[in-house]
Amino acid sequence: MQFNEDFLHYIWKYKRFNHRNLTTIDGTSLFIQNYGIHNHNSGPDFHNAKITINETQWAGNVEIHIKSSDWNRHKHQNDKAYDNVILHIVYEYDQPVYNSSGQELPTIELKDRIEEGVIENYQHLMATTSWIPCANQISEVDQLILLQAIDSALIQRLQRKAKIIEESWNYYHKDWNKTCYQSIASSLGAKINKEPFEHLARITPLEILIKSSDQLFKLEAVLLGQAGLLGDESQDEYHQQLITEYQFQKHKHQLQSMKRASWHFSGLRPASFPHIRIVQFAKIIFNHPTLFSKLKTIATLPEIDKIFDISLDGYWMTHYNFDKESKSKNK
């Protein structure tokens, strides 16, 4: 059988395999509560999965390979970004694998759980030369069904977006200011850093930022420090000032920072680097510490555009990250 990992991503995402009486390679019973969110960028293949192994619930990421030995071939055993993988999904198991802490990964083998017809259909579609493999079959679909499918997709999209807002609103005990804060953070992360940005907002209380909202430098220090993007020391004067300020704020408010490995840089233009997005976030809070109240008074799109028309100055005119100066450019 010839196929690539994308096929296994499809199999896992849409549960196109026999998932009854699941066990790991060593025969341990396993139940999946959440298959995770498909990650199309660097890092583990599915984020935020939830599984139960022997009555112990685990939350984390899922990594998928054709063979289990591909884990080592891709050098994940040395990458701390993969230490939160709680389940390894493989088509064929050929050897045990371990994370950077030396822990063996629980593994499910799919080889005898996928119907042969599913694989054959996939190979047939992949053999076509059309940009969209099933494009030639679209004319066979009734027009009414197509329109219903489009309407259904639109409604599902709106419902999904509304549900995300509602979940955030409930998480923040029906506080719209904090819900707005979380939503802005999520948007600034875009697709690649959406989850790290959401986590940053959750672990950085809005109250602390509002108390510091009269000083942009302090906001930058807290947010960059919480994001795990400040080191312990630096030869760069501004970077060192931020480190010193964050250490004070961290001790004062008993804060816990993220790991730098949580952030993705691969595939990003420099203007979208986490450092730049975070200081833009700080500038929004500096300009509008009660953003939701401000948004409620706005009636036109140009007024909204004006709120989010954020330009950076000073240090960030000549930097996309720390310690490496670049050509002066407004971001």
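**Rings, helices and a loop**

User: Where does lysine 15 lie?
Analyst: Lysine 15 sits over the face of tyrosine 35, at 4.5 Å from the ring centre. Keep in mind that this is a predicted model.

User: And lysine 174, which ring does that one lie over?
Analyst: The ring of tryptophan 169. Lysine 174 lies over its face, 5.2 Å from the ring centre.

User: Switching to ring pairs. How many aromatic pairs are there?
Analyst: The count comes to 20 aromatic pairs. One of them joins tyrosine 315 and tryptophan 316. That pair is edge-to-face, with 5.0 Å centre to centre and 85° between the planes.

User: Why edge-to-face?
Analyst: Because planes over 60 degrees apart count as edge-to-face, and here the angle is 85°.

User: Is tyrosine 315 buried or exposed? What about tryptophan 316?
Analyst: Tyrosine 315 counts as buried, because its relative accessibility is 13% and the cut-off is under 20%. Tryptophan 316 is buried too, at 2%.

User: Now helices. How do H4 and H5 pack?
Analyst: H4 covers residues 143-171 and H5 covers residues 176-188. They pack at an angle of about 130°, with their axes 8 Å apart. H4 and H5 are therefore oblique to each other. The crossing of H4 past H5 is right-handed.

User: Which residues meet there?
Analyst: From H4, Ile165, Ser168 and Trp169. On the H5 side they meet Trp176, Thr179, Gln182 and Ser183. Trp169 is also the residue whose ring face has lysine 174 over it.

User: What does H6 pack against?
Analyst: The buried residues of H6 pack against H5, helix H8 (216-226) and helix H10 (274-287). H6 itself spans residues 194-203. Its buried residues are Pro196, Phe197, Glu198, Leu200 and Ala201.

User: Last topic, serine 68. Where is it?
Analyst: In the loop between strand S4 (56-67) and helix H2 (70-73).

User: Buried or exposed?
Analyst: Serine 68 is buried, because its relative accessible area is 0%, where buried means under 20%.

User: What does serine 68 touch?
Analyst: Leaving out residues up to four places away in sequence, serine 68 touches His88, Val90, Glu92, Tyr93, Asp94, Gln95 and Val97.

User: And how far apart are serine 68 and isoleucine 89?
Analyst: Their C-alpha atoms are separated by 8.0 Å. Along the chain, the two are 21 residues apart.

Terms used
Residues numbered from 1 in each chain as written. Predicted model: local features only at pLDDT ≥ 70, side-chain atom pairs only at ≥ 80, totals over all residues. Heavy atoms only, no water. Phe/Tyr/Trp six-rings, centres within 6.5 Å; stacked < 30°, edge-to-face > 60°. Buried < 20%, exposed > 50% of the residue type's maximum accessible area, 1.4 Å probe, protein only. Lys NZ or Arg CZ within 6 Å of the ring centre and 35° of its normal. Axes fitted to C-alpha atoms, helices over the stretch in contact; angles between N-to-C directions. Helix = DSSP H or I, 4+ residues; strand = E, 2+ residues; numbered from the N terminus. Parallel < 35°, antiparallel > 145°, perpendicular 65-115°, else oblique. Left-handed = near helix turned anticlockwise from the far one by under 90°. Contact = heavy atoms within 4.5 Å.
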